[in-house]
Amino acid sequence: MNKKSVSKILRHLPRDPTRLLDHLWAVQRDRGFISPLDIYELAKILKIDESRIREVITFYHFFFDQPHGEFIFFLDQSIISKHAGIDLIERTLEDTLGIKSGEVTSDRVFGLYKTSCIGMSDQAPAALINMIPFVNLTVEKALTLITCLKRGDDLLTLQKDLNCVPQNIVHQSLMTDYCWDQEITSLHAQKLNPQDIIQEVVSSGLRGRGGAGFPTGKKWQFCRSYPGPRVVVCNADEGEPGTFKDRYLLTEHAKKLFYGMAIAAKAIDSQEAYLYLRAEYTYLLEHLRLVLTRLQRDPLIRQIKWRIQLGAGAYVVGEESALLESLEGKRGEPRLRPPFPVEKGYLGKPTIVNNVETFVLVSQILEKGFESFRSLGTDKSSGVRWLSISGDVAKAGLYEVPWGISLREVLNLCGAQNPLMIQVGGPSGECVNATFDSVLDRKLSFEDLPTGGSFMVFSREREIFPILQNFMQFFVDESCGNCTPCRAGNVVLNNQLKKVIDGHGRQNDLVSLDQWSHVVMKTSRCGLGMSSPRVITTSMKAFPELFKNKIDSTKNKLIFDFDEEKAVADYDNLFGDHHE
Ligand code: SF4
């Protein structure tokens, strides 16, 4: 069969280098990977250097420059997936396929890989197969999949037949699932002038739901103060392990999301809006396009030039300046700041970047008025927020809670089972000890215990150290490598942590862990390096006795495990007995 030429594959795409990720996806979907010849042709078409294309391919997890199999399995390596049994599934697949993880079968039919959290922690263990999510996997299902795929069964049919289709399990909704009127929202937004819209958002006290909590109205105001053209960007790259609430909002509340973006566009006087969707949610792409097409009848939506950009797998792209780089068709490496995106963002234009939940809330605020939003939450953290709850709980899933809710109340809501450790806000958030009343009284809020939405519960039956190691390894894997403190510092921290866990640590190692953590946090360029050592600093604070016991056991080991005779014999074996 004749291969299609690259220009034929790309005939529907504009010859625009900012669309490089789309071009690469198109070539990879057709070929299975992107060959040197494809790169050569693509460079000619886009009039860019081949080296730029190569560096983009190597940056993202899901682009391949070599054949990786007809069916590519990416197994979710989040700690929740591990606790739910992904390792056993991995070993079963390795044995059945006769390959190791990271390899392709000799007939090039199956490829087996690991990946970071794919946003399915409420239905773990999970995997992506050719970018289609399979949840609630078991060893039996994995074996059935291999047998059925070998005989040519359809992947989507298998996903349904094996009950592996992701569901959105909402246990509590306070605002979002109640009626929302699209028409009222649109008319209200059309009636208000840009300053009134910004004032409404400022009055609501809405703060960005991505984690940092910057006041949304203020961000928009800043952006408006720089000369246009201006740009609206939605960050739908929720990559923090344990988070999946944007998956639900994108699936069930996409209309609100697009209206929120259109309202923001009117507020900052912008005609360009971009939705950056993480590659792990590729399965939502068509749905989002369809919703957007159907909304085109509304002039508020129609007057904007829209683009939905599919990412290609990189946690760091969740950082807003890295996301803008990726949106421009480059490696998703964070920029030096200032200037901030509100001044110089997408292609140098003043840009606001907000996340999915923030834009959904904007729609609700415009429809119901800021007072109803402010009636919930606390003074500095107004309104509600979505939590993605996973781990050792009776009811994993989605919870919309008012800011200011206590940790105890959240644990009661989800039926936490004998909780010991809670990771609030994912690995980059805070590790807390749930056995203390004072901790359980803490409030989820920007002023006490902030969270970007991930809420992982670990029971007393769990060992804490492997959880911490999983988190640190995640940061080592996901560091973009651009700045030394984060690239090297996370490796050092990971090794030091391993040394302590393996029982080779001394008191000095704990001091050193703490010092290194602060150096990495202070000197890293972006949020990844600034927050990754919190795995260590917050867990050392929450569980000091655990670290101390490790050091104490090391001391005993050093004294009692030393076998002098064996040591002398080992030395003689190595160097003979002619030494001085
Ligand atoms: Fe890259 Fe880490 Fe530096 Fe951020 S802190 S720019 S992820 S190396």
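Arg278 touches Cys117, Ile118, Gly119, Ala236, Asp237, Glu238, Gly239 and Leu310, leaving out residues up to four places away in sequence; contact here means heavy atoms within 4.5 Å. The residue sits in the loop between β7 (270-277) and α14 (285-294), where helices (H or I, at least four residues) and strands (E, at least two) are DSSP runs numbered from the N terminus. Is Arg278 buried or exposed? At 4% relative accessibility, Arg278 counts as buried, because buried means under 20% relative accessible area, exposed over 50%, and partly exposed in between (1.4 Å probe, protein chains only). A polar atom of the Arg278 side chain lies 3.0 Å from the backbone oxygen of Cys117.

A word on the ground rules: this is a predicted model, in which local features need pLDDT of at least 70 and side-chain atom pairs count only at pLDDT 80 or more, while totals for chains, interfaces and linings use all residues. Residues are numbered from 1 along each chain as its sequence is written, and side-chain values use heavy atoms, with hydrogens and water left out.

**The sheet**

Let us turn to the strands. An open sheet is formed by four strands in the order β8-β7-β6-β9, with parallel pairing; two strands pair if DSSP finds at least two bridges between them. Its edge strands, β8 (305-310) and β9 (351-355), each pair on one side only. On average, neighbouring strands of this sheet are turned by 20 degrees against each other, direction ignored. Axes are lines fitted to C-alpha atoms, for helices over the stretch in contact, and angles run from 0 to 180 degrees between N-to-C directions.

Strand β6 (residues 230-236) and β9 pair in the parallel sense over five bridges. Across this pairing, Cys234 stands opposite Asn354 in β9, and Val232 stands opposite Ile352 in β9. Helix α17 (residues 356-368) packs on the sheet, touching β6 and β9, and its direction makes about 95 degrees with that of β9.

Why is β9 largely enclosed by the rest of the structure? Five of the five residues of β9 are buried, so the strand is largely enclosed. Both of its faces are covered: Thr351, Val353 and Asn355 are buried on one side, and Ile352 and Asn354 are buried on the other.

**Backbone details in the loops**

Most residues other than glycine have a negative phi, and most peptide bonds are trans. Here are some places that depart from that pattern.

| Item | Backbone feature | Value |
|---|---|---|
| Ala124 to Pro125 | cis peptide bond | omega near 0 degrees |
| Arg337 to Pro338 | cis peptide bond | omega near -5 degrees |
| Lys47 | positive phi | near 55 degrees |
| Leu347 | positive phi | about 50 degrees |

Pro125 is found in the loop between β2 (110-115) and β3 (127-129). Pro338 belongs to the loop between α16 (320-327) and β9, and Leu347 is also found in the loop between α16 and β9. Pro338 is exposed, with a relative accessible area of 62%, whereas Leu347 counts as partly exposed at 45% relative accessibility. The C-alpha atoms of Pro338 and Gly489 are separated by 24 Å, and the two residues are 151 places apart along the chain. Lys47 lies in the loop between α3 (36-46) and α4 (50-59), and its relative accessible area of 74% makes Lys47 exposed.

**Val104 and its surroundings**

Val104 has its place in the loop between α6 (86-97) and β2. With a relative accessible area of 25%, Val104 is partly exposed. Which residues is Val104 in contact with, leaving aside its neighbours within four places in sequence? They are Pro67, His68, Gly69, Ile99, Phe110, Gly111 and Tyr113. The C-alpha atoms of Val104 and Ser539, 435 residues apart along the chain, are separated by 38 Å.

**Around the ligand**

Finally, the ligand is surrounded by 13 residues, and the closest are Cys480, Asn482, Cys483, Cys486 and Cys526; a residue is near a molecule or strand if one of its heavy atoms lies within 4 Å of it. How do the residues of the shell divide into nonpolar, polar and charged? Seven are nonpolar, five polar and one charged. In this grouping, Ala, Val, Leu, Ile, Met, Phe, Trp, Tyr, Cys and Pro count as nonpolar, Asp, Glu, Lys and Arg as charged, and the others, Gly among them, as polar.

Terms used. A polar contact is a pair of N or O atoms within 3.5 Å; within protein, one must be able to donate a hydrogen and the other to accept it, and residues adjacent in sequence count only if both atoms are side-chain atoms.
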